[in-house]
Amino acid sequence: MKLTLKIWRQKNRGEKGNFVSYTMNDVNPEMSMLECLDVLNETLIEKGEEPVAFEHDCREGICGSCGFMINGVAHGPERATTVCQLTMRHFKDGEELVIEPWRAAAFPQIKDLVVDRRAFDRIIASGGYVSVSTGNAPDGNTHLIGKDTSDRAMDAAACIGCGACVAACPNASAALFTGAKITHLGILPQGKPEQDRRARGMVAQMNTEPFGSCTNIGECTGACPKEIPLEVISAMNRDYLVGSWKKRDDDVRVVRPMTEWSTGSKLKIDPNATS
Amino acid sequence: MSTAAVTPHENRAPNFWQSTNGKKVVMAVTGAIMFLFIIGHVAGNLQIFEGPAKLNAYGHFLHSIGELLWPVRIVLLLCVGLHITATVQLAMRNKAARPVGYSRKQAINSSYASRTMYWSGPIVLAFIIFHLLQFTAGYIHPGSQFIEGDVYHNVVAGFQVWWVSVWYIIAVSLLGFHLRHGLWSMFQSIGYNHPRHTPLLKKAAFVIALLITLGYISIPISVLAGFIK
């Protein structure tokens, strides 16, 4: 099948980007979107041109590395599907696909379709964990957890941190991501002791990063490849409200967002180099 | 640039009002209070169908409880002020959160009402200012003389001017859109969402918004159609 890919090309954060159209004449309908880009990149390399930079890792929809906008929809037109799992048969022959990276102040551009999502890492580091003593693994079923509770925790834990929620949100809000992490740990007994502090810490870091606010419109959950429900955002709001009410002191600290990269390595590598 | 560029620096955590979540809670609570006023106001207004004596007596009653009238007005003004302050601050933050926009963006999961809150809100505010100047203060009263205390006359004479009625109908319809999203969204903001109850809440928000809108616009339509003279 024939496709025209209109892809956002940008050398690095400092330079201006623009769309470049590439016509592909023999796209295999069974290829995934990323494999389609692989084929395009091979032809670009053969021609001596710069290949399109995009993130990917597992290619089975569970790692959260890949993701970009296709025709204005995060991860493309198929619901609950990452771009690595999106097969080309879902597009019409001769269609033009506009491919551009996630756009958010909190996700600064790195190159082409690659953005810096360390803001998510900082949110996780501010409370997305349980503090447990190390040692032997506890026996199974020492904690009694109801099936419905474990199902809800699992649904929230399915978040792969790809950033599609931020990309799809008109306000570039990270509420669905942060809510998923807070819900996943907050409703399980292992996460209960730190529930209040976790909510305050993660919400504080989310609000320190340049994300927008949630307006409860639900674009995030529509774009989410794991279909995380909007319910997690209300769980975050509730835990934050309760935590803010019950807190005894301002013990929560946040980390200033950083968008630079270390060049302290002895290897002379310029992180902004394009090739 | 060196490793210093990626050394973590601690900042003070944003407090409740500084956090987006806290502002949304404030918006939910103030919105709920303003919703109570809207219910009371439509119920009071519909007395116009019971004739001039009834409506004027109701207007007189509201003014006779002077000690209560001003506290209520102050609470409502405070709610309007907080609701707008939070919205403006959040809207500016949200605009800054996406400095480079998409060349193409498709809405796949949100309602029209929810996406137009930034439009329906300010237009309704402009309408409320006009509305207060017309029917409470009597500064603007096109087509007739404003008579202090004769509510029935003021309403009927006011709505007989076609553009006043059209402006009223448009503004109240936008208020309906605003409520259709706001009425269930306030529960989400204060942390209530349930897979069984929230869909019901969304339906209820639609029905209540529709009833309120119809209740309000029945008055100018009745005046224009000549049912109320």
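Analyst: Two strands pair if DSSP finds at least two bridges between them. Strands are DSSP runs of E with at least two residues, helices are runs of H or I with at least four, and both are numbered from the N terminus. The model you are looking at is predicted: local features need pLDDT of at least 70, side-chain atom pairs count only at pLDDT 80 or more, and totals for chains, interfaces and linings use all residues. Residues are numbered from 1 along each chain as its sequence is written, while chains are lettered from A and ligands numbered from 1 in the order in which they are written.

User: How do you know that strand β3 and strand β5 of chain A pair, and in which sense?

Analyst: There are two bridges between β3 (residues 69–70) and β5 (residues 96–100) of chain A. The rule asks for at least two, so they count as a pair. The sense is antiparallel. You can find Met69(A) opposite Glu100(A), and Ile70(A) has Ile99(A) as its bridge partner.

User: What is the sense of the pairing between β1 and β5 of chain A?

Analyst: Here it is parallel, with four bridges joining β1 (residues 3–9) to β5 in chain A. Lys6(A), for example, stands opposite Val98(A).

User: What makes β2 and β4 of chain A edge strands?

Analyst: The open sheet has five strands in the order β2-β1-β5-β3-β4 of chain A, and its pairing is mixed. Both β2 (18–24) and β4 (73–74) of chain A pair on one side only, which is what makes them edges.

User: Why is α5(A) called largely enclosed by the rest of the structure?

Analyst: A residue is buried if 20 or more other C-beta atoms lie within 10 Å of its own, exposed if 12 or fewer, and partly exposed in between, with C-beta atoms placed from the backbone. By that count 12 of the 12 residues of α5(A) are buried, so the helix is largely enclosed. Among them are Phe177(A), Lys181(A) and His184(A). The buried residues pack against α2, α3, α4, α6, α7 and α8 of chain A.

User: How does the reach of helix α5 of chain A, from its first C-alpha to its last, stand against what is expected?

Analyst: The expected span is 1.5 Å times one less than the number of residues. Helix α5 (residues 175–186) of chain A has 12 residues and reaches 15 Å, close to the expected 16 Å.

User: Is Asn71(A) partly exposed or buried?

Analyst: Asn71(A) has 17 C-beta neighbours inside 10 Å, so it counts as partly exposed. This residue lies in the loop between β3 and β4 of chain A.

User: And is Asn141(A) exposed or buried?

Analyst: With 7 other C-beta atoms within 10 Å, Asn141(A) is exposed. It sits in the loop between α2 and α3 of chain A.

User: What is the phi of Asn71(A), and what is the phi of Asn141(A)?

Analyst: Most residues other than glycine have a negative phi. Asn71(A) has a positive phi of about 50 degrees, and the phi of Asn141(A) is near 60 degrees, also positive.

User: At what angle do helix α1 and helix α3 of chain B pack?

Analyst: The angle between α1 (residues 20–45) and α3 (residues 66–96) of chain B is about 145 degrees, and their axes are 9 Å apart. Axes are lines fitted to C-alpha atoms, for helices over the stretch in contact, and angles run from 0 to 180 degrees between N-to-C directions. The residues making this contact include Met27(B) and Phe37(B) of α1(B), and Leu76(B) and His83(B) of α3(B).

User: How many residues of chain B are in contact with chain A?

Analyst: Contact means that two C-beta atoms, placed from the backbone, lie within 7 Å. By that rule 47 residues of chain B touch 52 residues of chain A. The largest share of the chain B side, five residues, comes from α1(B).

User: How many bridges join strand β8 of chain A to β1(B)?

Analyst: Three bridges join β8 (residues 253–255) of chain A to β1(B), and the two run antiparallel. In one of these bridges, Arg253(A) is the partner of Arg12(B).
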